[in-house]
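Trainee: I am new to reading structures. Could you walk me through this one, feature by feature?

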Amino acid sequence: MKKILLGLVILGWITFQVAAAESEWMTDLGKAQEKAKAEKKLVLVDFTGSDWCPPCRALHNNVFTSAEFNEFAAKNLILVEVDFPRKKEQTEQLKKANRELAKKHEIDGYPTVIVFDSNGKQLDKKVGYGGGSAKDYVAQLQKIKDKS
């Protein structure tokens, strides 16, 4: 009986970890807003320097890959990455679109995370990452969702 219970616990943990790792990050804000409207979700946009910015990497590793964040995101968010890498290849079209988004939303530091409602209204904007836990990050997102 103990082996069966242990097996079920391990299987549940593995399933949870796999689901948590499967968050889809889009790169087109317009399409993301359409999807958010259809699914009645918020849009979280991460302006990042994924391959050179230490706080961006920390936010990604500590929050965006966590089970807590991914469980919340699956139910409540459409995720968009607006990346400004130094080494990673991007199409010229994506680079241009990202520059235009950064200008439009007055991005002056990385990471910058903006949360929009499904109509495109900005609900929150945070610049930087101070190392908070995924649990605390999700709690802040829940407050934003509750106010929207």
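**Reading the model step by step**

Mentor: We begin with a loop. Pro111 sits in the loop between helix 5 (92-104) and strand 4. Keep in mind that this is a predicted model.

Trainee: Which residue is joined to Pro111 by a cis peptide bond?

Mentor: Start with the general idea. Most peptide bonds are trans, and most residues other than glycine have a negative phi. Here, Tyr110 and Pro111 are joined by a cis peptide bond, with omega at about -10 degrees.

Trainee: What is the phi of Glu106?

Mentor: Glu106 has a positive phi, near 50 degrees, and is a residue other than glycine. Glu106 belongs to the loop between helix 5 and strand 4. Its relative accessible area is 62%, so Glu106 is exposed.

Trainee: Where is Lys40 placed?

Mentor: Lys40 is in the loop between helix 2 (29-39) and strand 2 (42-48). Its phi is positive, about 55 degrees, although Lys40 is not a glycine. Lys40 is exposed, with 74% relative accessible area.

Trainee: Now the rings. How do I read an aromatic pair?

Mentor: A pair of aromatic rings is described by the distance of the centres and the angle of the planes. In this structure the count comes to five aromatic pairs. One of them is formed by Trp25 and Phe64: 5.0 Å centre to centre, 55 degrees between the planes, and tilted.

Trainee: Which parts of the chain does the pair of Trp25 and Phe64 tie together?

Mentor: Trp25 is in strand 1 (residues 25-26) and Phe64 is in helix 3 (residues 54-64), so the pair links parts that are 39 residues apart in sequence.

Trainee: Is Phe64 buried or exposed?

Mentor: Phe64 is buried, at a relative accessible area of 3%. Phe64 also pairs with Phe69: their ring centres are 4.9 Å apart and their planes are at 50 degrees, so this pair is tilted. Phe69 is buried too, with 0% relative accessibility. Trp25 is partly exposed, at 25%.

Trainee: Which residues are in contact with Asp83, leaving aside its neighbours within four places in sequence?

Mentor: They are Thr48, Gly49, Ser50, Lys88, Gln90 and Asn98. Follow the link to Asn98. That residue lies in helix 5. Asn98 is buried, with a relative accessible area of 1%. Beyond its neighbours within four places in sequence, Asn98 is in contact with Val82, Asp83, Phe84 and Gln90.

Trainee: How far apart are the C-alpha atoms of Val138 and Glu68?

Mentor: They are separated by 7.1 Å, although the two residues are 70 residues apart along the chain. Val138 is found in helix 6 (residues 134-147). Val138 is buried, at 13% relative accessible area. With neighbours within four places in sequence left aside, its contacts are Glu68, Phe69 and Phe72.

Trainee: Last topic: empty space. How is it found?

Mentor: Rolling a probe the size of a water molecule over the atoms shows where empty space is left. A search of the whole structure finds one cavity of 30 Å³ or more. The largest cavity holds about 60 Å³ of space.

Trainee: Which residues line the largest cavity?

Mentor: The lining is made of Leu44, Val113, Val115, Asp124, Lys126, Tyr137, Gln140, Leu141 and Ile144. Strand 4 (112-116), strand 5 (122-127) and helix 6 each supply at least two lining residues.

Trainee: Which element gives the most to that lining?

Mentor: Helix 6 does, with four residues.

Terms used: Residues numbered from 1 in each chain as written. Predicted model: local features only at pLDDT ≥ 70, side-chain atom pairs only at ≥ 80, totals over all residues. Heavy atoms only, no water. Contact = heavy atoms within 4.5 Å. Phe/Tyr/Trp six-rings, centres within 6.5 Å; stacked < 30°, edge-to-face > 60°. Buried < 20%, exposed > 50% of the residue type's maximum accessible area, 1.4 Å probe, protein only. 1 Å grid on protein atoms, 1.4 Å probe; cavity = no way out; pocket = protein on both sides within 12 Å on 5 of 7 lines; lining within 4 Å. Points joined across faces, edges and corners; volume = space filled by probe spheres on them.
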